[in-house]
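Please look over the structure shown here together with the briefing that follows it, which is grouped by topic.

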Amino acid sequence: MPKTLFQTARRQYLKFHLRLTPQQSIFFGFFMYMILGWIFLSLPFAQKMPTSFIDTLFTSTSALSTTGLATVSTFDNYTFFGQLILLILIQIGGIGYMTFTTYILLSTTKQITHWHKKILHNEFTMPREFKVQDFLKSVIVFTFTIEIIGAILFYCVFRVEHSDSFFTIWTSVFHSVSSFCTAGFSLYNDSFEGYATNSLLNAIVFFLTISGALGFIVVTDLWYFFTKKTKEISFTTKMITYSFFSVLFLATIINYFEPSFKNRTHFEQLQIALFTSVNSMTTAGFNSVNIGTYSLGFLLVIIFLMYVGAAPSSTAGGMKITTLTAIVAIVKSKLRNQSKVTYFGKTIPIDRLEMAISIFIFYTAILFLSVFLLSFTENYAFEALLFEVTSAIGTVGLSTGITGDLSVFGKIILICIMFIGRLGVITFGLAILSRKRNDKIVDESDLAT
């Protein structure tokens, strides 16, 4: 009898889930993980000291969205169990909530349902020529390979600093996953400020964050090229890599002249400028200097990098470099009075241009609406509020130092926009506003999985 009730309940749940649009399924899935994370983090043995409801919910959302903004200290407020929950949320948020489920299904049954394919195609904007199964395997293999390498490299740095072997291993694993998933969570209260001039640690963070931020499409495409599965690198990969590194190079040169660095050597200035630029654009959110000491003009540069973000179908957030590239291409074509919008001599399809414009408008509207609302409840300068909101919707995690002092209403606003930032503004919009429903009869093969 209990088994029959369980099967009936499971069947009804699957029917409900299968009638959702792919965007609504993604919304519902991430929301449930956020609530589960909040529940686990609220358990007494997950906390070293009592943490309020809103701060726990904020931490859960920040981890799942791979943002890294924190109202309380990760190390001081949460036990090893709590930190482990955070790490699991970061991993789920980094590669997508459906990825593990579908990979396990694929490993056991050797096939995935049409429903799973639809959601994965919405969670990862894959080119048509990519097979879901191959792409999924490359995501899992690449993720764990890079994270294991990162943990080993971090261990080489941290073992000199810590005498506790277990903590050294744990902090190495934690920071490796946090870096690759561009989450920005750290077990050190000052992030990596104590390692500002440690060239090895800087290099490790660059390697991990850029690996995650370039995106699984780029990685898969390059793998196909080097294994001779394809004859040339795709236009999308060329566009992403060229645009990403061009903006990163210019931002690093500009940040090199930040006035607060003037007492450091030229190499240290360059190292800190590169670290800040990389962690802003990849939306990793680690900092090697106090961001609150930056002058206004250079804060604007960081805001721009957080606003743009990195590649689509990656662990990074932001508006995405492809959206910026498309907008620039549109402006360039109009100024030259061209009938077609081109980049690298190739015409950009109209559907991609429409998507880029939609993302740009919706993303910017949410950003400014959030700043507008915070301006009524928080007594901080406009640039501090703009920085905080851009960091939240871009899932970056950098802050000028005001996060923990925000009002309850201010924290709720940031929780909402961190969640939207992880979903993507278009996915969020379609999940909320779309009235289309899948009313067809549910496939029995989907219910059987």
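Buried means under 20% relative accessible area, exposed means over 50%, and partly exposed lies in between, with a 1.4 Å probe and protein chains only. The model is predicted, so that local features need pLDDT of at least 70 and side-chain atom pairs count only at pLDDT 80 or more, while totals for chains, interfaces and linings use all residues. Residues are numbered from 1 along each chain as its sequence is written, and side-chain values use heavy atoms, with hydrogens and water left out.

**Positive phi in loops**

- Threonine 283, in the loop between helix H13 (266-281) and helix H14 (296-308), has a positive phi near 60 degrees although the residue is not glycine, and at 0% relative accessibility threonine 283 counts as buried.
- Threonine 182, in the loop between helix H9 (165-180) and helix H10 (199-213), has a positive phi of about 50 degrees without being a glycine, and threonine 182 is buried at a relative accessible area of 0%.
- Helices are DSSP runs of H or I with at least four residues, numbered from the N terminus.

**Helix packing**

- Helix H3 (residues 53-64) and helix H18 (residues 408-423) pack at an angle of about 20 degrees with their axes 9 Å apart, the axes being lines fitted to C-alpha atoms over the stretch in contact and the angles running from 0 to 180 degrees between N-to-C directions.
- That makes H3 roughly parallel to H18, a term for angles under 35 degrees.

- Phenylalanine 372 lies in helix H16 and is partly exposed, with a relative accessible area of 48%.

Conventions. Helices (H or I, at least four residues) and strands (E, at least two) are DSSP runs, numbered from the N terminus. Angles under 35 degrees count as roughly parallel, over 145 as roughly antiparallel, 65 to 115 as roughly perpendicular and the rest as oblique.
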